[in-house]
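Morning, everyone. Please have a look at the structure on the screen, and I will walk you through it.

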Amino acid sequence: MRLAAQHWEETEETEIPLNPDKERYLNYDEIGYLRMYTARNEQAKLIGHAGIYLNTSMHTQIKIATEDTWFIHKDYRKGSNALRFLRFVEHDLKGL
């Protein structure tokens, strides 16, 4: 939750507090509509996360992925951390 709160504070320009619906996250995961990913550093410390919605295009019937959340802690944005995380997520999604 700490990373989600940092992400919310950094990216959302609203006075509305972060209030995730954990039950809906679990439900979306169970039905295959949402994939959640985490990024960790070499010491296994959580440094980022991504939430990707999965669907099928109504026009082509091809699977599509839409980013809901993408966050890398500011201390880990330099270098190739974000790119490596993106490539991991892309590789995993292509296997679905």
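I will start with the overall layout, then take the sheet, the core and the salt bridges.

First, the ground rules. This is a predicted model, where local features need pLDDT of at least 70, side-chain atom pairs count only at pLDDT 80 or more, and totals for chains, interfaces and linings use all residues. Residues are numbered from 1 along each chain as its sequence is written, and side-chain values use heavy atoms, with hydrogens and water left out.

Now the overall layout. The protein has three helices and three strands. Helices here are DSSP runs of H or I with at least four residues, strands are runs of E with at least two, and both are numbered from the N terminus. Starting at the N terminus, the order is α-α-β-β-β-α. The C-alpha trace spans about 40 × 35 × 25 Å along its principal axes.

What about the surface? The protein exposes about 7700 Å², and carbon and sulfur atoms supply 51% of that. Accessible areas come from the Shrake-Rupley method with a 1.4 Å probe, and for residues only the protein chains shown count as cover. Of the 96 residues, 24% count as buried. Buried means under 20% relative accessible area, exposed means over 50%, and partly exposed is in between (1.4 Å probe, protein chains only).

Contacts next. A contact means heavy atoms within 4.5 Å. Take the contacts with a separation of 6 or more: residues 24 or more positions apart account for 38% of them.

On to the sheet. In what order do the three strands sit? The order is β1-β2-β3, in an open sheet with antiparallel pairing. Two strands pair if DSSP finds at least two bridges between them. The edge strands are β1 (34–40) and β3 (63–72), and each pairs on one side only. From one strand to the next, the twist averages 20 degrees.

Look at the two pairings in turn. β1 and β2 run antiparallel, joined by seven bridges. Thr38 has His49 in β2 as its bridge partner. These two strands form a hairpin with five residues between them. In that turn, Ala44 has a positive phi of about 70 degrees. Then there is β2, residues 46–56, with β3: nine bridges, again antiparallel. Ala50 stands opposite Trp70 in β3.

What lies across the sheet strands? Helix α2, residues 22–30, lies across β1, β2 and β3, and runs at about 105 degrees to β1. Axes are lines fitted to C-alpha atoms, for helices over the stretch in contact, and angles run from 0 to 180 degrees between N-to-C directions.

Now the inside. A nonpolar core is a set of buried Ala, Val, Leu, Ile, Met, Phe, Trp, Tyr and Cys residues joined through side-chain atoms within 4.5 Å. The largest one has eleven residues, including Tyr37, Ile52, Leu54, Ile72 and Phe85. β1, β2 and α3 each supply at least two of its residues. The largest share, four residues, comes from β2.

Stay with Leu54 for a moment. Leaving out residues up to four places away in sequence, Leu54 touches Gly32, Tyr33, Arg35, Ile64, Ala65, Leu93 and Leu96.

And His73: buried or exposed? His73 counts as buried, because its relative accessibility is 15%. His73 sits in the loop between β3 and α3 (81–94). Setting aside neighbours within four places in sequence, His73 is in contact with Leu3, Gln6 and Ile47.

Last topic: charges. How many salt bridges does the structure hold? Three. A salt bridge is a side-chain nitrogen of Lys or Arg within 4 Å of a carboxyl oxygen of Asp or Glu.

One joins Glu10 and Arg77, at 2.8 Å from N to O. Glu10 is in helix α1 (residues 2–11) and Arg77 in the loop between β3 and α3, so this pair links distant parts of the chain, 67 residues apart. Glu10 is partly exposed at 45% relative accessibility, and Arg77 is partly exposed at 36%.

Another pairs Asp92 with Arg35, with the closest N and O atoms 2.5 Å apart. Asp92 lies in helix α3 and Arg35 in strand β1, so the pair ties together parts 57 residues apart in sequence. Asp92 is partly exposed at 24%, as is Arg35 at 27%.

There is also Asp21 with Arg24, where the closest N and O atoms are 3.7 Å apart. Asp21 is partly exposed at 38%, and Arg24 is partly exposed at 44%.

That is the tour. Thank you.
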